[in-house]
Amino acid sequence: SMEPKFKKFLGKLEGAGYFAGLAKGTPAYEQRYQMAKDAFSEKLKAGNATSTGKDSAPASPDGQIKQSTSQPKARTATEEEKKAAESKKAEANKLMSQGKFQEAIKKYTEAIAMDGENAVYHVNRGVAQYKLHRYSDAEADCKAAIAIDSLYDKGWMRLGQVQMALEQYPKAIETLTKAESLAKAQGTITSCRKLLEKARKAAEAAPKPAPAPKSPGGGAGLDGLDLSALASNPQIQQMMGALGGLGGAGGAGGPDLMSMLGALGGAGG
């Protein structure tokens, strides 16, 4: 059955911040869960058909493959919910200006619960997490914002700041370059350039890491499931493009996704 393998894959997605800020059972969570499951089961079927030599049943017009490309969108927040969420954000912003970051996080979380598809709430909560030096939480929030809106310049800029705090300078340079390319407001462009200058200086001063050992077995894993094929699945790429960490020029999210899937292969199917 696909369940144990899918659970491992789901765990990796969770670790990458795929469900950040979404409570289990909410429409937004269910939509992302279903997307992951559809893409995984399709690739698993293809992998099984190849590895066993059996023909898989042809997809009917109403079959799984068609369904996965036309998933219903997450329930949009009502006007009342949006207004209430904006009110929570305003309270949170005031708390931020008073340096009450922990209280602000609670208010942003309440706003996200009402309107989880608003990228600004995720980024703002990420900034509060950053102020409290909770960099992994801040990173997850910024990635969640980018997953909602891949053109959100401040989402990329804040992610770059977090990556600098984590001393991931090459990643930060790519992320901030992306932010600068998307930025339209002069203030944001200036901020990106200042951060980029800092990141480049830090990267030059940082000791060079040793090359990481390649994971054994290449792209195969999970009982012969071709992980490199899964990584190139357009749905998975779409889901993980922003969450892979870089998402810069040329879809740089790919290598991170491959390492994630490589770890799955080594987890013992």
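Predicted model: local features only at pLDDT ≥ 70, side-chain atom pairs only at ≥ 80, totals over all residues.

Residues are numbered from 1 along each chain as its sequence is written, and side-chain values use heavy atoms, with hydrogens and water left out.

**Exercise 1.** Work out where Asp-141 sits and which residues it touches.

*Solution.* 
- Start with the helix: Asp-141 belongs to H7, residues 135-148 (helices are DSSP runs of H or I, at least four residues, numbered from the N terminus).
- Next, accessibility: Asp-141 has a relative accessible area of 2%, so it is buried (under 20%, with exposed over 50% and partly exposed in between; 1.4 Å probe, protein chains only).
- Now contacts (heavy atoms within 4.5 Å): skipping neighbours within four places in sequence, Asp-141 meets His-122, Arg-125, Gly-126 and Gln-129.

**Exercise 2.** Do likewise for Cys-192.

*Solution.* 
- Cys-192 is part of helix H10, residues 186-205.
- Its relative accessibility is 0%, so Cys-192 is buried.
- Beyond four places in sequence, Cys-192 contacts Met-157, Leu-176, Ala-179 and Glu-180.
- Ser-181 is 11 residues away along the chain, with 9.4 Å between its C-alpha and that of Cys-192.

**Exercise 3.** Is Cys-142 buried or exposed, and how many disulfides are there?

*Solution.* 
- Cys-142 has 1% relative accessibility, so it's buried.
- Searching the whole structure for disulfides (cysteine sulfur pairs within 2.5 Å) gives 0.

Definitions and conventions
Helix = DSSP H or I, 4+ residues; strand = E, 2+ residues; numbered from the N terminus.
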